[in-house]
Amino acid sequence: MTPIKRMLVTGGCGFIGSNFVRYWLKQHPESQVVVYDKLTYAGRKENLHDLWENDNLSLVVGDIGDLTLVRRTCEEREIDLIVNFAAETHVDQSILGPLVFTDTNVRGTHVLLEVARALGIRLHHISTDEVYGHIPDEHQSVETDELAPRSPYAASKAAADQLVQAYSITYGLPVTITRGANNVGPYQYPEKAVPLFSTNAILGEPLPVYGDGRQMRDYAHVYDHCTGIEAALLRGEIGQVYNVGTGREMTNLEMVDIVLETLGKDHSLVRHVTDRPGHDRRYSMNVDKLRALGWEPKYDPRQAVAEAARWYAENSWWWEPIRSGEFREYYERQYAKRLIGTAPR
Ligand code: NAD
Ligand code: TYD
């Protein structure tokens with residue numbers, strides 16, 4: 001495989017992208033990273049606050065759907081690998097306003113593939129376990145399973161996966177895909193469950209648990225996702241898909257217990273609210289294929305959730321401006337009616 005010297009990281013100012021950039025530059029200080037990011041509400045320059053002075057890191061502000069700018073950036077910076085994290089990522093936002101999910105996740109990925117094809121660049125695509133849909137109790141998704149997405153977000157990610165695979169088959173484009181489980185850790189926008197529940201608990205606000213809270217997720221530490229992507233980049237087979245998670249799930253109620261226990265907060269903050277439409281009951285992935293590349297997760301899901309909750313307790317500088325600013329409007333819209341009349345169980 002050709003060595004990776006100059007990497008375009010799309011969505012590098014988001015949660016996982018920024019953790020990945022930090023990890024990559026530490027492990028591979030000789031490589032150049034160009035972050036290409038539209039800086040949506042979820043894309044924040046401060047997620048890489050400690051790294052902007054690094055000569056090996058630069059930022060291009062732009063949309064992955066802008067073919068001219070993506071192509072010019074790749075040509076001028078002599079990019080040899082695109083890692084595509086850029087996406088609209090929240091299921092609840094995809095229920096409120098789905099079209100932008102198709103624009104970015106489907107068309108945007110397609111534009112990246114077109115540039116990669118024109119310039120002969122390898123592309124690694126970041127996907128999700130949500131493309132497999134709801135998984136019955138006795139099964140764990142393997143990479144060859146049929147895709148059965150059920151939310152607008154998951155459907156847009158599945159469409160992108162299929163475009164990536166089609167470019168591999170039709171044009172022989174060198175591609176790889178990783179499908180990550182629910183990630184937790186530093187710099188996750190507080191619309192997602194673990195940072196929302198952690199910051200609500202710290203603020204003494206109710207924790208809105210959808211439905212009965214018995215839905216199951218594999219809460220994996222973002223660090224393990226980064227090492228998993230690195231393994232796929234350095235040792236993965238071109239054309240292949242790799243699941244990345246811990247392979248172990250817990251219920252949302254168990255996750256809430258860990259958050260509350262870690263932060264020393266009382267269970268009376270928990271509120272059961274109206275469920276998310278089409279809420280997937282369980283995600284679960286088999287991660288043996290990635291393990292076969294010599295990768296192992298460092299954190300179990302309980303440690304991952306506890307570490308994440310602790311990070312929010314110690315880093316209010318990061319989330320307080322978000323929570324007191326633009327996020328409030330979304331929070332009102334999503335939760336105000338749901339929370340009316342609820343009481344601790
Ligand atoms: P995020 O929402 O925190 O960040 C997304 C980033 O993409 C932001 O920096 C945003 O500004 C940027 N972006 C959005 N639209 C763009 C566009 N049109 N052009 C350029 N940049 C754009 O997301 P995240 O949680 O870090 O997820 C990153 C990737 O990992 C996504 O592809 C997501 O589907 C996937 N994923 C996420 C999880 C998870 O638990 N968060 C799990 C598995 C896979
Ligand atoms: P989330 O972090 O949105 O990730 P995803 O929907 O991609 O799995 O949600 C994780 C789980 O937590 C999911 O089962 C939905 C649930 N959830 C709540 O119960 N309440 C909330 O306010 C949120 C945002 C999520």
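Reply: What follows covers the overall build and then the helix packing.

Me: What kind of model is this?
Reply: This is a predicted model, in which local features need pLDDT of at least 70, side-chain atom pairs count only at pLDDT 80 or more, and totals for chains, interfaces and linings use all residues. Residues are numbered from 1 along each chain as its sequence is written, and side-chain values use heavy atoms, with hydrogens and water left out.

Me: How many helices and strands does the protein have?
Reply: The protein has 12 helices and 13 strands. These are DSSP runs (helices H or I, at least four residues; strands E, at least two), numbered from the N terminus.

Me: And how compact is the protein?
Reply: The protein is as compact as a globular protein of its length, because its radius of gyration, 19 Å, is close to the 20 Å that the globule rule gives for 345 residues. The radius is taken over C-alpha atoms, and the rule is 2.2 Å times the number of residues to the power 0.38.

Me: Which feature does UniProt place at residues 8–307?
Reply: The UniProt record, an unreviewed entry, places "domain: NAD(P)-binding" there; such annotations may be inferred rather than shown by experiment. The span is 39% helix and 17% strand.

Me: Turning to packing, at what angle do α8 and α10 pack?
Reply: Helix α8 (residues 252–263) and helix α10 (residues 301–314) pack at about 45 degrees, with their axes 9 Å apart. That makes α8 oblique to α10. Angles under 35 degrees count as roughly parallel, over 145 as roughly antiparallel, 65 to 115 as roughly perpendicular and the rest as oblique.

Me: Which residues make that contact?
Reply: Among them are M255, I258 and V259 of α8 and V305, A306 and A309 of α10, where contact means heavy atoms within 4.5 Å. The contact residues divide into eight nonpolar, one polar and two charged.

Me: What about α6 and α10?
Reply: The axes of helix α6 (residues 193–203) and α10 come within 9 Å and cross at roughly 50 degrees. These two helices are therefore oblique to each other. In α6, V194, P195, S198, T199 and I202 meet A308, A309, Y312 and A313 of α10.

Me: How do α10 and α11 cross?
Reply: The axes of α10 and helix α11 (residues 316–324) come within 6 Å and cross at roughly 75 degrees, which means that α10 is roughly perpendicular to α11. W311, Y312 and E314 of α10 make the contact with S316, W318 and W319 of α11.

Key:
Chains are lettered from A and ligands numbered from 1 in the order in which they are written. Axes are lines fitted to C-alpha atoms, for helices over the stretch in contact, and angles run from 0 to 180 degrees between N-to-C directions. Ala, Val, Leu, Ile, Met, Phe, Trp, Tyr, Cys and Pro count as nonpolar, Asp, Glu, Lys and Arg as charged, and the others, Gly among them, as polar.
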